[in-house]
Amino acid sequence: MNLHKGFTLAAVTLSASLFLTIPSPASASISQYWTTNHWVTIRKPITVSKIKPGYPSYKNDKVLATYKVLPGAHYKLAHTFSNYDWILISGKYKTSPNAIYSVTKFGSNWYQKGKHPRYKKFHGYRIEAFNGMKKFNTSYDKKTHSTASYLKPTQKKQTIFKYGSHVIPTKHEWDVVSSNKITAYKYSNKKWHNLGTKN
């Protein structure tokens with residue numbers, strides 16, 4: 001091999017290896033942030049595995065159970081950069097020497113840093129702040145162009161609209177649905193009026 005070419009190849013190889021080993025500012029910032037644990041709000045549905053630690057971990061760890069956690073929940077989260085990337089360490093899923101509660105998710109788009117409200121204000125009512133929470137008891141029915149609920153429109157504190165609802169409740173009929181009947185309400189003159197019940 002030509003001596004000059006050999007030196008050039010060695011220099012390129014060394015430069016590439018140095019480039020690969022130097023962490024980017026973003027990676028360094030993330031690593032530094034996760035040197036401590038933080039409270040987060042779950043943004044997307046996740047699966048949590050309860051794992052019994054073994055030794056060596058890659059060979060003897062045993063999954064004891066799995067759980068579904070829906071958006072809107074608040075948990076303290078640890079980022080380990082190891083076999084179990086994300087670990088919950090609070091509430092029902094508090095990791096201990098006897099059990100690891102590992103989140104089977106990659107990246108960071110499934111949580112939001114800090115504790116954020118589960119609900120937002122919505123025309124005098126509340127609405128889910130995150131998609132997939134499954135906490136709603138009221139929604140808008142596009143087929144009937146009416147609001148469907150188990151609650152009366154006057155029960156504002158208990159009413160929770162489904163995430164994504166955008167219609168103004170007072171502009172449409174409100175149907176209170178029970179097991180065998182529907183009671184309709186309509187808003188006019190600044191109050192709700194009972195239009196009657198049908199089976």
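Guide: Start with T183, which touches W174, D175, V176, N194, G196 and T197, leaving aside residues up to four places away in sequence. Contact means heavy atoms within 4.5 Å.

Visitor: What kind of model is this, and how are residues numbered?

Guide: This is a predicted model: local features need pLDDT of at least 70, side-chain atom pairs count only at pLDDT 80 or more, and totals for chains, interfaces and linings use all residues. Residues are numbered from 1 along each chain as its sequence is written, and side-chain values use heavy atoms, with hydrogens and water left out.

Visitor: Why is T183 called buried?

Guide: Buried means under 20% relative accessible area, exposed over 50%, partly exposed in between (1.4 Å probe, protein chains only). T183 has 11% relative accessibility, so T183 counts as buried.

Visitor: Which strand holds T183?

Guide: T183 lies in strand β15, residues 182-188. Strands (E, at least two residues) and helices (H or I, at least four) are DSSP runs, numbered from the N terminus. The chain has 16 strands and three helices.

Visitor: What makes the T183 and T197 pair a polar contact?

Guide: A polar contact is a pair of N or O atoms within 3.5 Å; within protein, one must be able to donate a hydrogen and the other to accept it, and residues adjacent in sequence count only if both atoms are side-chain atoms. The two side chains make theirs at 2.8 Å, so the pair meets the distance limit.

Visitor: How do you know that E128 has no salt bridge?

Guide: A salt bridge is a side-chain nitrogen of Lys or Arg within 4 Å of a carboxyl oxygen of Asp or Glu. Lys and Arg count as positive and Asp and Glu as negative; His and the chain ends are not counted. For E128, the nearest side chain of opposite charge is K162, 7.2 Å away.

Visitor: What does lie by the side chain of E128?

Guide: A polar atom of that side chain lies 2.7 Å from the backbone nitrogen of K135. E128 itself is in strand β10, residues 125-128. Its contacts beyond four places in sequence include R118, Y119, F161 and K162.

Visitor: Why are β1 and β4 said to pair?

Guide: Two strands pair if DSSP finds at least two bridges between them. β1 (residues 38-42) and β4 (residues 74-79) have four, in the antiparallel sense, so they qualify. T41 stands opposite H74 in β4. β1 is also joined to β8 (residues 111-113) by three bridges, again antiparallel, with V40 opposite K113.

Visitor: Which strands pair with β2?

Guide: β3 (residues 62-69) pairs with β2 over seven bridges, antiparallel. β7 pairs with β2 over four, also antiparallel. V48 stands opposite V103 in β7.

Visitor: What makes a set of residues a nonpolar core?

Guide: The set holds buried Ala, Val, Leu, Ile, Met, Phe, Trp, Tyr and Cys residues joined through side-chain atoms within 4.5 Å. The largest here has 17 residues; I42, V48, V69, L77, L88 and W110 touch the most other members. β1, β2 (46-52), β4, β5 (86-90) and β7 (100-103) each supply at least two of its residues. Apart from it lies another core of eight residues, among them I127, F161, V176 and Y185.
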